[in-house]
Amino acid sequence: MEPAINWPDLQGNILRGYRKHFVRHLVLTVDRPAAACRWLADATSGDDSRTPQITTAQPWSGDKPTSCVNIGLTASGLAKLGVSPASIASFPHEFVAGMPSRSKLIGDTGPSDPSGWKREWQDHERIHLMISVHADNAAIRAAVADRIMAASGAFRLLAALDGEDFPGGKVHFGYRDSISQPQFYGVHGPDNRRDDQPLVEIGAMLLGYATPVEDIRWRVPSPHVLGFNGSFNAFRVLEQQVEQFEQFLSECADRLMTDPVGKRLLPPGEEKKWTPPMSRRDALREMVAAKMLGRWYNGVPLEMSPHSPSPQPPIGEEKLNDYGYSHDPDGQRCPIGSHMRRSNPRDAKIVQRNTNHARRIIRRGIPYGPMYDPALPVKAERGLLGSFMCASLTSQFEALQYDWTNLGLIDPRITGTNDPILGNNEPLHSRFTFPVGEEKVTFRGFPHFIHTRGGAYLFQPSISAIRYLASLGDGKAARKSSGAAYVD
Amino acid sequence: MTIWAKISAFLRRIMETVLVAFWRKVAPVKTPEPEYSTALADNLQMHMNLVMPLADQTAVGRAQAVQAVAANIDELFTGLSNVGTVHFARFDLVGGNLCMYSVFDGDFRAYIRDFISVFGSVFDALLGLVADPPPSPSALHPEEFIDWIHRHDAFQIPRDLTSLFPEERNIKNLSRDLVLLLDANRNVQIGRFSGYPGVSVAQIRHGTGMGW
C-alpha cells in the first residue's frame with residue numbers, strides 16, 4: 001500500500017507553484033559546515049525570528065505568505081554537510097556526477113557547453129546549495145535573502161540570480177508560460193483538477209512511491225530519512241537569443257508572404273478577423289511562432305485553434321489544456337516537431353509506446369534580464385531561470401532532453417531533427433517541418449536559440465531530511481532546535 | 001609441435017602473465033565510459049552485447065538456459081517489439097555464457113528501463129540462471145539492474161584505437177594500454193557495420209509501410 005502523502009514533510013515548491021512574481025536563487029558554497037547545519041535546523045524550527053523558514057507543502061490556512069523559501073543541494077553539498085560517501089553513492093549516478101558531466105547527453109554542447117558557462121557555474125564542486133526565495137515584491141525578496149545570509153554565517157555567495165515575472169505570465173520570446181503541469185494521484189481530485197490529462201503517479205516527483213513506469217520504483221537513497229519524500233531539480237540558467245529568434249520569425253514570414261503555401265497556411269484576410277487584427281506579415285510571424293511552440297503567444301493551443309489565436313467562442317482559461325493529439329496524427333494542427341508536442345506527447349502515438357506519460361516533469365521558470373522591445377532593442381543578457389523537477393533525472397529530464405528534444409526519437413517523421421526552440425540546433429543541419437494539407441513547409445538554417453549558461457542537479461530534501469542534515473553538524477542540532485526528531 | 005616449441009610457448013605465456021600483472025600495477029588504464037555524441041548516426045542503432053556467465057555451465061545448465069529462453073520467447077519478442085526502439089535482438093549461448101545481443105535507438109539507460117517495464121519479469125526469470133545476478137525483481141531495483149547490465153555489456157572498441165587513451169602521451173605505450181584494456185574487459189565488440197546508418201527502427205518501419 002502506498003504511504004499517504006505527509007504534506008508538512010514536503011518542501012512546498014515541488015507539487016505546487018507559489019505564483020510569486022519575484023524570485024532570487026542564492027547559489028552558495030558552504031564555508032562552515034557546522035554553521036550551515038545550524039542554519040538548516042533554524043530554518044526548520046518553526047521560529048521565524050531566527051531565520052526565514054523553509055516553506056513546506058502544508059496547505060495555507062489563511063492568506064498566502066508574502067515570501068517562501070526552499071533549498072536544493074548538490075552531491076558535493078551533501079558531502080560538505082557530512083553525508084557519508086556510502087550514502088552519497090546510494091544517490092543516482094547522474095546526480096552524483098553533476099549536470100556538467102552530462103552535457104553531451106542533455107544537449108549542452110556548442111554555445112551551451114559547460115566550458116562557456118558563467119563564472120559562478122564553472123567550478124561545479126564549489127556549488128553546494130541553492131536557496132530560492134520567492135516573494136511578492138522586490139523589497140521583500142531582498143529582505144528575506146539578506147536575513148538568510150546574515151543569519152547563517154555559513155555560506156559564501158557565488159551568485160544571486162534574480163527573476164521577475166513579466167506581465168501576463170509571458171516569458172522572453174513572447175509566449176505565455178506555465179500553463180500545463182502534471183497532476184498527480186492523491187493530490188489532484190475532481191475538485192481541483194486543472195485539465196483532463198491523465199493523472200500521474202506521485203512517484204514521478206517524489207522518491208518512495210509508485211512511478212508512472214509500470215511496476216518500477218526508483219531507489220530511495222539511504223538513509224531512508226534522507227531520501228524519502230525527496231525530489232530532484234535540474235536547475236538551469238537558459239539564455240534566450242531573442243533578437244535571433246525575432247529575426248528568424250521575420251525571415252520565415254517574408255518567405256511565406258511570397259510562397260503560395262503561405263496562402264494555404266493562413267488564407268488572406270483571416271488575420272483581419274483576429275483580435276486584435278494584424279498585418280499579414282505580423283500574423284504570419286505569429287503563426288510560425290505558434291507552429292514552433294504548439295501554442296499561440298496568448299497560450300491558446302494550436303490543437304484547439306489552428307488558424308487563429310482568438311477563436312470564437314473564446315476558449316476559457318480552464319480549458320486551455322483539454323486536448324490531445326490523437327485526432328491530429330500528422331500534425332496538421334500542431335506540428336509533431338513542435339516544442340510542446342515533443343515534450344509532452346499526451347495521447348499521440350509515439351515510438352516508445354509505454355512512455356507517453358512517464359517522462360512528465362514539473363517545469364517552473366521565471367524570466368531574467370530586461371524584456372526585449374523590438375522598437376528599442378537593448379543588448380542585454382536575458383533568459384529563463386528554470387527548475388525542472390522529477391524523481392528520476394535520467395528517466396525523465398535527461399530522457400526528454402536526449403530522446404525527444406534533440407533526437408526526435410518520439411516519431412519517425414521527426415527523427416533527426418531537434419526541438420526548434422529549445423533544441424541544440426546549428427544552422428548547417430537544423431530543420432523544422434510541418435504539413436499544410438498535402439504540402440509541407442520546411443524552415444532550415446536556424447541556430448540554437450537557447451544557450452545554457454549554468455546549472456546544477458539539485459536534490460530537494462524533505463523537511464525530515466533537512467533536519468537529518470542539520471543533525472550532522474553536531475549530532476543533535478535538529479532535535480535541540482526544533483524539538484521534532486526526525487524519523488528514520 | 002616439438003617439445004622445444006611447447007616449452008617456448010609455455011615460457012612465453014608465463015612471461016606475458018607476469019608482464020601484464022606488472023603493467024597492471026605500474027601503469028593501470030581505465031576503461032573509458034562511452035562518450036555521448038550529438039551526431040545523429042551515433043545515437044541510432046546502438047549496440048548492446050550482454051554476456052551473462054551461467055551459474056551452471058555444464059551441458060545440463062546450458063540446456064536449462066535454452067529451455068528458459070524458449071519457454072519465454074514469445075513474451076520476450078512481444079516485449080522487444082513494444083519497446084519500439086529495437087532493431088534486432090538475439091539470444092545466444094556462447095561457451096558458458098547466456099548472451100543477448102541487440103541493436104536499439106537512443107539512450108542505453110532509457111532502453112534498459114523500457115526493457116524492465118515491458119518484460120522485466122521474464123528477464124528476472126532468466127537471471128535466476130546467471131552467476132552473480134542483480135537484485136530481483138528488476139522493477140524494484142531498476143538502478144542496480146541497469147548498472148548490472150552495463151557491467152555485463154561488452155566494451156565497444158571505437159574505430160580509432162588511439163581515442164581510447166586520450167591521456168596517453170607516448171605512442172609506443174598504446175599496445176600496452178590495449179593489452180591492459182583487454183585484461184580488464186574479457187568481452188569486447190571490435191567493430192560494427194550498418195547498411196543504413198542514421199536511420200531509426202521506426203523510420204524503417206514507417207518507410208516500408210510496416211507500421212511503427
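**Backbone, sheet and helix contact**

Q: Where does A:Arg19 lie?
A: A:Arg19 sits in the segment before strand S1 (22-30) of chain A. Helices (H or I, at least four residues) and strands (E, at least two) are DSSP runs numbered from the N terminus.

Q: What is phi there?
A: Phi of A:Arg19 is near 60°, a positive value in a residue other than glycine.

Q: What are the ground rules?
A: This is a predicted model, where local features need pLDDT of at least 70 and side-chain atom pairs count only at pLDDT 80 or more, while totals for chains, interfaces and linings use all residues. Residues are numbered from 1 along each chain as its sequence is written, chains are lettered from A and ligands numbered from 1 in the order written, and side-chain values use heavy atoms, without hydrogens or water.

Q: Which peptide bonds are cis?
A: The one from A:Ser222 to A:Pro223 is cis, with omega near -5°, and A:Pro223 is in the loop between strand S4 (155-164) and helix H8 (224-227) of chain A. The bond from A:Gln312 to A:Pro313 is also cis, omega near -5°; A:Pro313 is in the loop between helix H11 (280-293) and helix H12 (339-343) of chain A.

Q: Switching to chain B, what is its mean pLDDT?
A: It is 91, with 100% of residues at 70 or more; pLDDT is the predictor's confidence in each residue, from 0 to 100.

Q: What is the strand order in its open sheet?
A: The 3 strands run S1-S3-S2 in chain B, with antiparallel pairing (a pair needs at least two DSSP bridges). S1 (46-53) and S2 (86-94) of chain B are at the edges with a single partner strand each, so one side of each has no neighbour in the sheet.

Q: How many bridges link S1(B) and S3(B)?
A: They pair over 8 bridges. B:His47 stands opposite B:Val103 in S3(B).

Q: How do H13(A) and H4(B) cross?
A: The axes of H13 (residues 393-405) of chain A and H4(B) come within 10 Å and cross at roughly 125° (axes are lines fitted to C-alpha atoms over the stretch in contact, with angles from 0 to 180 degrees between N-to-C directions).

Q: Which residues make the contact?
A: A:Thr394, A:Ser395, A:Ala399 and A:Asp403 of H13(A), with B:Arg109, B:Ala110 and B:Arg113 of H4(B); contact means heavy atoms within 4.5 Å.
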